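Work through the exercises below with the structure open. Try each task before you read its solution.

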Amino acid sequence: LELKAKHNTAEIKNRIWNILELSKSKKLQDQKNYLMSLNSISEVIRNQEKNIRDSIQLYTNQITSSNKEEILFSLKERLTKLKLRIRKEYPKYINLRYNNSFVKLSDALAKLNTDNTLFSFFEIDSTVYSLKLRHDQFLFRKFNTSVENILSNFKKHVVNEIDDSDKSLIILPDEKSWGLDFGVFSINNESSKYLIEKLPISYGFSGSILFKNHSTQLSDRPDILAFAYGDEGTSDFKNVPLSRFRDVSLDELPGSLYEIKQISEIMDGEFLLGSSSGEKQFKEKTNEYEILHLAVHGEINDDNPEYSKLIFFNGGEEKEDGKLHAYELYNMQLKAKLAVLSACNSGSGNLSSGEGIHSLGRAFAFAGVPSLLLTRSEVSDLSTPFIMKYFYEEINKGKKKSEELRNSQLKFLKNDADNITS
């Protein structure tokens with residue numbers, strides 16, 4: 001299925017865009033209702049609202065007398081008063097539960113820079129719907145894929161659609177496409193030429209979240225709050241084996257200490273390790289800095305994504321257990337403009353249709369952080385410090401974050417990577 005030029009009416013384009021955004025936002029809304037209600041409104045209030053609504057439905061179906069009409073009127077009056085109370089006492093809950101709006105196509109196009117190209121995917125079983133959107137192009141397609149040929153199919157329908165007029169790429173994945181790293185796709189069968197070498201790539205949960213976010217521009221000299229998983233007595237970084245990953249074995253991470261040391265020589269801020277690197281410190285200090293950097297252990301819970309967590313070196317103190325869960329982040333208001341989650345699998349998680357992954361990355365986004373740098377697979381303790389060093393050097397140059405990340409990756413490939421780490 002292709003949307004040919006002669007059929008590219010405004011009405012059809014708007015309908016396609018709306019369907020893609022609505023299909024994603026429905027699943028998102030279900031998750032928002034569940035996670036936010038757990039943290040932002042008491043169980044007693046939730047039960048009161050549910051019981052009144054159930055009673056209204058019951059009496060609406062059984063009205064046969066004026067007596068029941070009076071009961072129904074009374075119930076509706078009680079519900080109205082309860083909703084006013086909830087709106088006053090729990091505004092965040094109300095906003096997330098009832099705010100179903102999404103960005104219109106015209107607004108998305110207005111905010112999409114002339115050099116940006118956006119790909120939005122929606123997947124149903126083995127069928128993938130793909131929209132390529134640019135200020136001068138609207139290409140809608142359908143193709144079939146499977147686990148066995150997912151890489152070749154996505155490469156065919158994304159990489160082969162990119163031409164020299166595309167200067168930067170935005171990917172809005174869905175389901176299986178969240179597991180793909182589009183940056184390492186080869187271009188035109190040139191084995192030594194990756195897509196990331198051609199143009200910067202960024203990812204988003206949906207067009208609505210992408211274009212509704214507040215300003216993501218960092219100041220000229222942003223400050224940083226960074227956490228390492230280890231103490232100063234950790235063994236020499238140079239002796240770390242390549243197989244050392246940030247998994248949940250809870251070993252110290254020598255590379256994370258080296259990573260934080262490298263960043264501290266580039267950025268201003270606070271750099272925490274040992275007993276100072278804990279959940280308590282995170283919650284106390286996060287709103288004092290523009291950038292949050294967590295070089296820690298991460299654990300993804302695929303069955304219950306809200307229980308995915310970041311694990312700090314300090315195992316816990318003063319009512320904190322040293323584990324920052326996704327459900328805790330959903331009830332926080334963070335002021336940082338960038339969060340870097342340099343932890344195992346922080347960007348993966350339960351692959352579900354809709355707006356993407358139920359992950360720690362999404363939790364940070366809902367907590368108010370507009371830009372995130374997430375690892376998409378297990379992080380090697382050997383390669384990450386070099387990439388992060390280059391990334392923060394680029395930040396101080398004031399470029400776009402997608403360009404900063406691309407430049408840091410290219411520097412690593414050129415200067416430090418070998419056939420294994422690349």
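**Exercise 1.** Find the partner of Arg134 in a salt bridge, then decide whether Arg134 is buried or exposed.

*Solution.* Keep in mind that this is a predicted model.
Step 1: Look for a Lys or Arg side-chain nitrogen within 4 Å of a carboxyl oxygen of Asp or Glu.
Step 2: Arg134 pairs with Asp136, and their closest N and O atoms are 2.8 Å apart.
Step 3: Turn to accessibility. Buried means under 20%. Arg134 has a relative accessibility of 9%, so Arg134 counts as buried.
Step 4: Side chains with opposite charges can pair when the charged atoms come close.

**Exercise 2.** Which residues form salt bridges with Lys283, and where do they lie?

*Solution.* 
Step 1: Start with Glu279. The closest N and O atoms of Lys283 and Glu279 are 3.1 Å apart.
Step 2: Locate this pair. Both residues belong to helix α10, residues 279-285. They sit four residues apart, about one turn of the helix.
Step 3: Compare accessibility with the cut-offs. Glu279 is at 1%, so Glu279 counts as buried. Lys283 is at 30%, so Lys283 counts as partly exposed.
Step 4: Locate Glu320. Glu320 lies in the loop between β12 (309-311) and β13 (323-325), while Lys283 is in helix α10, so this pair ties together parts 37 residues apart in sequence.
Step 5: At 22% relative accessibility, Glu320 counts as partly exposed.

**Exercise 3.** Give the strand order of the open sheet of five strands, and name the strands at its edges.

*Solution.* 
Step 1: Read the order as β9-β8-β10-β14-β17, with parallel pairing.
Step 2: Find the edges. β9 (268-272) and β17 (371-374) each have a single partner strand, so one side of each is left without a neighbour in the sheet.
Step 3: Note the turn. Neighbouring strands are turned by 10° against each other on average, direction ignored.
Step 4: Zoom in on one pair. Four bridges join β10 (residues 291-295) to β14 (residues 338-341). Leu294 stands opposite Leu341 in β14.
Step 5: Helix α13 (residues 384-395) lies across β8, β10, β14 and β17. The helix runs at about 170° to β14.

Terms used
Residues numbered from 1 in each chain as written. Predicted model: local features only at pLDDT ≥ 70, side-chain atom pairs only at ≥ 80, totals over all residues. Heavy atoms only, no water. Buried < 20%, exposed > 50% of the residue type's maximum accessible area, 1.4 Å probe, protein only. Helix = DSSP H or I, 4+ residues; strand = E, 2+ residues; numbered from the N terminus. Pairing = 2+ DSSP bridges. Axes fitted to C-alpha atoms, helices over the stretch in contact; angles between N-to-C directions. Contact = heavy atoms within 4.5 Å.
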